[in-house]
Amino acid sequence: NVTQVSSGWHRLQWSLGFCQRHAKTQHNNLATFAIQVVAFSVPTGLIWYVWYKFCVEEELQVYENQNDRDGGQGFGGYGTLGPFVFGLALGPLALALDLPGGEAWAAVGVIWIYYTQYLLYKRLNALYASADEPLPLTLWWLAAPGFNLVVGLRQLHFLAKFFAKERGEK
């Protein structure tokens, strides 16, 4: 019995040693793969965010216009993303061409998207207030960079939930 346990322990040690040596040779491949995943995830996430932002802004603008809710407080998808993309594109381009004001253009794009995000918070909360529902979003969430993107998922969820209720769905 003791010899069987002992030989089993040696096999386990050998296989663990082999795995460790194998892992060391595979480390560079794994690190390269991780870098590639992150590199492709960031643009994919940005594309998703822009598409989500466009759809939400357009849908809410149409709803507000149809229901005569202050004539629509937002700028729609084009009005929201146009200045944002324009500012973000002109900023780096101006810097690359060594033109003055590159940082300002990029800042204008970022400030614009935060302003329209503030309007979206306000508009979505107004929808819930008009239906006598608790407000789903808190304004201070805008102040936390990065968290604002997570809250974007909440905005999408609560907007979909509101529209489903408007259609009479459960």
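I looked for a nonpolar surface patch and found one of about 370 Å², made by Phe75, Tyr115, Tyr118 and Leu139. Patch residues have over 30% relative accessible area and no salt bridge, and nonpolar side chains (Val, Leu, Ile, Met, Phe, Trp, Tyr) are joined within 5 Å. A salt bridge here is a side-chain nitrogen of Lys or Arg within 4 Å of a carboxyl oxygen of Asp or Glu. Areas come from the Shrake-Rupley method with a 1.4 Å probe.

This is a predicted model, where local features need pLDDT of at least 70, side-chain atom pairs count only at pLDDT 80 or more, and totals for chains, interfaces and linings use all residues. Residues are numbered from 1 along each chain as its sequence is written, and side-chain values use heavy atoms, leaving out hydrogens and water.

Next I checked Phe75, which sits in the loop between H1 and helix H2 (76-96). Helices are DSSP runs (H or I, at least four residues), numbered from the N terminus. Phe75 is partly exposed, at 39% relative accessible area; buried means under 20%, exposed over 50%, and partly exposed is in between.

Then I went to Lys53 in helix H1 (residues 2-66). Is Lys53 buried or exposed? Lys53 is buried, with a relative accessible area of 0%. Leaving aside residues up to four places away in sequence, Lys53 touches Thr80, Leu81, Ile113, Thr116, Gln117 and Leu120 (contact means heavy atoms within 4.5 Å).

Last, I looked up pLDDT, the predictor's confidence in each residue from 0 to 100. The chain averages 77. H1 has the lowest mean among the elements (66), and H2 the highest (89).

Terms used. Helices (H or I, at least four residues) and strands (E, at least two) are DSSP runs, numbered from the N terminus. Buried means under 20% relative accessible area, exposed over 50%, partly exposed in between (1.4 Å probe, protein chains only). Patches are made of residues with over 30% relative accessible area and no salt bridge: like charges are joined within 9 Å, nonpolar side chains (Val, Leu, Ile, Met, Phe, Trp, Tyr) within 5 Å.
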